[in-house]
Amino acid sequence: MVLLTLPAVAVGPPVAAQTSLATASDVPDVPVVPTPARAADDFYTPPDPLPDGADGQVIRWREDPRRLSARNYLLMYHSTNATGQDVPVTGRVLVPSTRWRGAGPRPIVSVASGTRGVGDTCAPSRWLDYERPFIEPMLLAGWAVVVTDYEGLGTPGMHTYVVGQSEGRAVIDMVRAATSLPATGLEAGGKVAFSGYSQGGGGAMWAGELQPSYAPELDLVGVAAGGVPADLTEVAEGLDGQIGFGFLLLAAYGLDAAYPELDLERYLNERGRETYEREQDACVDATLGHAFQNIGMFTTTNPLRSPEWQARLDENRLGANPPDVPIRLFHGTLDEIVAPGQARALRNEYCAAGADVQWEWHVGEHVSTMVTGAPGVIAFLDRRFRDRPFLAHC
């Protein structure tokens with residue numbers, strides 16, 4: 001295992017330690033930056049002070065053992081959060097052994113992960129877990145896959161869960177980081193797509209909405225998103241008192257982390273404060289213990305009704321800036337976690353604005369729709385990367 005930190009110096013010759021790991025036959029030998037090694041368990045702790053760097057600039061990287069028949073890199077990179085601050089974010093780059101047989105450079109799918117929780121040990125880069133079966137077909141098609149951890153998931157600070165203004169930029173900057181690191185062999189200027197489900201569906205769509213102004217240099221060709229939490233207010237109302245109430249708690253933690261002036265703790269009762277303190281490092285399984293609870297059990301007054309919270313929720317509502325690329329949206333008719341109505345409203349809003357949207361209902365609840373929607377995502381991305389016709393449903 002090799003752990004490297006990128007300084008602001010010219011690229012040097014290959015490092016011998018890199019050659020001990022297998023290299024894909026279709027990826028040429030590329031130079032790496034020679035720097036002192038660091039302790040592997042220190043990777044997620046950013047330098048203090050954080051060095052200056054542009055969005056997507058790599059702060060630190062290492063090559064890890066191969067995963068899913070792909071070369072595997074762990075990166076820390078610069079991104080911009082919801083309040084415009086420079087933050088360190090981590091994530092993984094997977095470069096497959098399978099040759100890309102289409103035109104142009106190997107395409108890249110930036111996968112926005114679904115809910116892992118808010119604790120650092122839950123970071124996607126630590127364990128691909130349930131999304132692994134959906135990533136494998138992408139690698140087998142010859143596409144590179146990059147997976148961000150988002151802000152505060154792995155790195156210090158609370159994760160800004162479901163805050164699209166932060167997540168979308170992290171998804172975009174993961175592509176910039178992957179193509180700026182010579183060791184990956186990935187070229188800037190190739191075709192890029194964003195894909196995700198649930199929290200990841202929101203992250204992918206936010207990346208699509210932000211890309212024209214935030215990263216116009218990317219050749220974005222499509223966005224595939226399922227189970228999208230487009231309107232956080234409506235999603236919260238659908239979760240209150242229901243089986244998925246734990247996700248509402250995580251969202252409250254995430255918004256509070258993104259916008260300190262919201263001051264969640266001043267709304268909490270004793271039970272709420274105890275829960276908040278206990279769940280600083282909670283992973284997704286913690287949501288099961290909150291089934292059928294409600295906001296009133298944890299608060300003295302409902303923060304979601306305050307003007308400050310409503311303003312920030314509105315800032316993180318999708319629909320105002322439809323991506324100018326083909327979009328595939330899908331949702332479960334029986335989704336008990338992310339309200340179907342607000343997803344349909346997003347589709348209608350995009351269509352009314354002239355966006356090219358494929359829409360597909362799946363007869364199922366939240367988890368089953370992630371599974372049944374996966375083949376359509378792969379087919380959509382394949383057609384986008386090969387410049388094949390797109391059938392819009394608007």
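Trainee: Is leucine 139 buried or exposed?

Mentor: A residue is called buried under 20% relative accessible area, exposed over 50%, and partly exposed in between, with a 1.4 Å probe and protein chains only. Leucine 139 has a relative accessibility of 2%, and therefore counts as buried. Please keep in mind that this is a predicted model, in which local features need pLDDT of at least 70 and side-chain atom pairs count only at pLDDT 80 or more, while totals for chains, interfaces and linings use all residues. Residues are numbered from 1 along each chain as its sequence is written, and side-chain values use heavy atoms, with hydrogens and water left out.

Trainee: Where is leucine 139 placed, and which residues does leucine 139 touch, not counting residues up to four places away in sequence?

Mentor: Helices are DSSP runs of H or I with at least four residues, strands are runs of E with at least two, and both are numbered from the N terminus. Leucine 139 belongs to helix α1, residues 132–140. Contact means heavy atoms within 4.5 Å, and, leaving aside residues up to four places away in sequence, leucine 139 touches Leu68, Ala70, Leu94, Pro96, Thr98 and Val145. Serine 97 lies 42 residues from leucine 139 in sequence, with 8.1 Å between their C-alpha atoms.

Trainee: How should I read the packing of α2 and α3?

Mentor: Two packed helices are described by the angle between their axes and the distance between the axes. Axes are lines fitted to C-alpha atoms, for helices over the stretch in contact, and angles run from 0 to 180 degrees between N-to-C directions. Helix α2 (residues 164–180) and helix α3 (residues 199–214) pack at about 70°, their axes being 7 Å apart. That makes α2 roughly perpendicular to α3, a label for 65 to 115 degrees, whereas angles under 35 count as roughly parallel, over 145 as roughly antiparallel and the rest as oblique.

Trainee: How many residues of the chain count as buried?

Mentor: Of its 394 residues, 59% count as buried, and the secondary structure comes to 9 helices and 10 strands.
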